[in-house]
Amino acid sequence: MTEQTIVDFRALGLAEPLLKAIEESGYTTPTPIQAQAIPLALQHMDLMAGAQTGTGKTAAFSLPILHTLLPLASTSTSPAKHPIRALVLAPTRELAIQVYDNIKTYAKHTALRSTVVYGGVDIKTQTPILKTGVEILVATPGRLLDHVEQKTLSLNQVQFLVLDEADRMLDMGFMPDLKRILALLPKQRQNLMFSATFSDEIKKLADAFLNNPTLIEVARSNATNDNVEQKAFLVNTDQKQRFLVQLLKQYPNQQVIVFTKTKLSASKLARALERDQVPCSAIHGDKSQKERIEALDAFKAGTIHALVATDVAARGLDITDLPLVVNYEISTAPEDYVHRIGRTGRAGAKGIAISLIDEDETKYFDEIEKLIKKQIPKEKANVSSSTTPTRSRPSKASSGKDAWFEQPYQPAAATAAPKAVTAKSAANVKRKVVAALLGGFGFKATPQNRTQAKRTTGRSKQKSDLPAQQPAENAAETANIES
Ligand code: AMP
């Protein structure tokens with residue numbers, strides 16, 4: 001089945017309560033990844049799907065799972081009637097919360113229960129809801145294992161395993177945790193894996209986790225979205241900051257995310273920009289979960305305009321309508337470039353990604369161009385000697401986006417882990433400036449780009465073969481590119 005034949009969700013054969021929720025969410029047409037993945041997942045196939053955040057991948061795996069579990073939904077209060085039947089693993093707290101939020105929305109007219117568990121908050125706050133029983137559990141790997149150790153949940157009735165942003169899970173060193181988790185799951189289950197990039201490691205992971213998976217490629221591996229105009233400026237290290245301020249002035253009233261490589265440079269840059277009267281906020285691994293949620297809420301509410309972020313902190317943030325991404329520091333991992341610029345040009349909208357390259361970074365940029373198989377036009381930065389203060393409150397309006405993308409924002413207070421984190425209202429958040437993070441819908445689904453991937457290896461190792469538990473996701477995050 002192709003994008004052309006699937007014009008509405010009803011044609012996918014989804015149950016009425018799900019169709020109602022989809023309609024209420026304002027979705028009219030399945031996205032390419034949904035049009036491809038949902039029919040296959042409904043046929044109980046394992047999938048390995050190339051899709052980044054912003055493509056509608058969450059609904060692509062959640063809807064078939066909810067549809068399949070629907071006959072098992074129970075209104076009984078007995079926890080035994082609500083075993084964990086679907087486990088969704090996500091690399092970061094932000095993504096886990098976002099996925100949970102979507103699942104809750106899609107399941108709202110059903111008796112299926114869901115929750116989310118992630119590190120960085122008191123584990124005890126997550127236990128009561130687990131004890132009442134949930135059919136769908138969204139989790140970060142480290143915290144899931146903490147719960148397993150505390151015997152606050154059981155995974156022996158899991159029928160579905162979803163690995164979301166699998167490439168990032170590997171980057172963050174979650175492989176040992178994933179193996180441990182896998183060993184705890186029933187062998188008979190359906191596996192759905194989503195990844196923005198397809199490295200050899202990802203293929204190995206797929207071999208280990210998936211059973212004869214169907215490969216869905218909605219975009220060329222490591223491709224960048226055609227809707228995103230990519231530009232680069234060659235600029236001296238000591239002039240980068242001044243040039244950034246100058247650049248931001250050329251995009252008045254547009255929300256922007258500025259990427260740095262390290263937590264330290266994110267903090268330093270945010271402070272420097274504020275000194276230059278560019279209101280902004282930094283989001284990185286040293287910020288508490290509460291601070292991150294507050295910054296995100298403030299951004300979504302439009303009270304923050306520019307966000308300075310590290311790659312890890314930015315993962316999984318679902319913010320609509322981001323016209324501009326600036327790569328202030330070029331990542332040494334070329335895949336990060338694909339993730340970074342995937343934050344703009346979403347849902348067919350136009351986006352701009354600008355990279356500032358200093359003399360030490362040209363070699364990293366060369367690697368990026370090799371990966372994306374594209375030469376990015378480069379100009380020498382013309383840095384003016386003075387900069388004047390810029391920008392006022394950001395306008396929520398932007399050009400070139402689909403109407404459905406204007407859906408009202410659900411405050412995080414309603415979406416964060418139940419009873420764990422309560423976000424302050426956006427009104428209480430200190431007024432700063434910020435960004436939005438998105439993915440691309442610019443894919444074409446064709447019958448040709450769906451191929452059968454071969455099964456090459458068997459299932460997971462036994463638990464006894466596996467290394468001791470790794471530190472929870474906080475530590476993994478810190479150990480990653482943020483330094
Ligand atoms: P995801 O890639 O799952 O993070 O989804 C990105 C955004 O697209 C989320 O805000 C979803 O609510 C929204 N979305 C997902 N599917 C559709 C659809 N078929 N039509 C409109 N919006 C959608």
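1. The model is predicted: local features need pLDDT of at least 70, side-chain atom pairs count only at pLDDT 80 or more, and totals for chains, interfaces and linings use all residues. Numbering starts from 1 along each chain as its sequence is written.

2. The protein chain has 16 helices and 15 strands (DSSP runs numbered from the N terminus; helices are H or I of at least four residues, strands E of at least two). Of its 483 residues, 53% count as buried (20 or more other C-beta atoms within 10 Å of the residue's own, with C-beta atoms placed from the backbone). Among contacts with a separation of 6 or more, 82% join residues 24 or more positions apart (contact: C-beta atoms, placed from the backbone, within 7 Å).

3. The largest nonpolar core has 70 residues (buried Ala, Val, Leu, Ile, Met, Phe, Trp, Tyr and Cys joined through C-beta atoms within 7 Å). Helix H4 (residues 93–106) gives the largest share, seven residues. Ala 139 is one of those with the most contacts inside this core. Beyond four places in sequence, Ala 139 touches Leu 87, Leu 89, Ala 96, Val 116, Val 117, Tyr 118 and Leu 144.

4. A second, separate core has 50 residues, including Val 256, Leu 296, Val 338 and Phe 365.

5. Helices H14 (residues 334–341) and H15 (residues 362–372) have axes that come within 8 Å and cross at roughly 70° (axes are lines fitted to C-alpha atoms over the stretch in contact; angles run from 0 to 180 degrees between N-to-C directions). H14 and H15 are therefore roughly perpendicular (65 to 115 degrees). Pro 334, Glu 335, Tyr 337 and Val 338 in H14 meet Glu 367, Ile 368, Leu 371 and Ile 372 in H15.

Definitions and conventions
Parallel < 35°, antiparallel > 145°, perpendicular 65-115°, else oblique. Contact = placed C-beta atoms within 7 Å. Buried ≥ 20, exposed ≤ 12 C-beta atoms within 10 Å, placed from the backbone.
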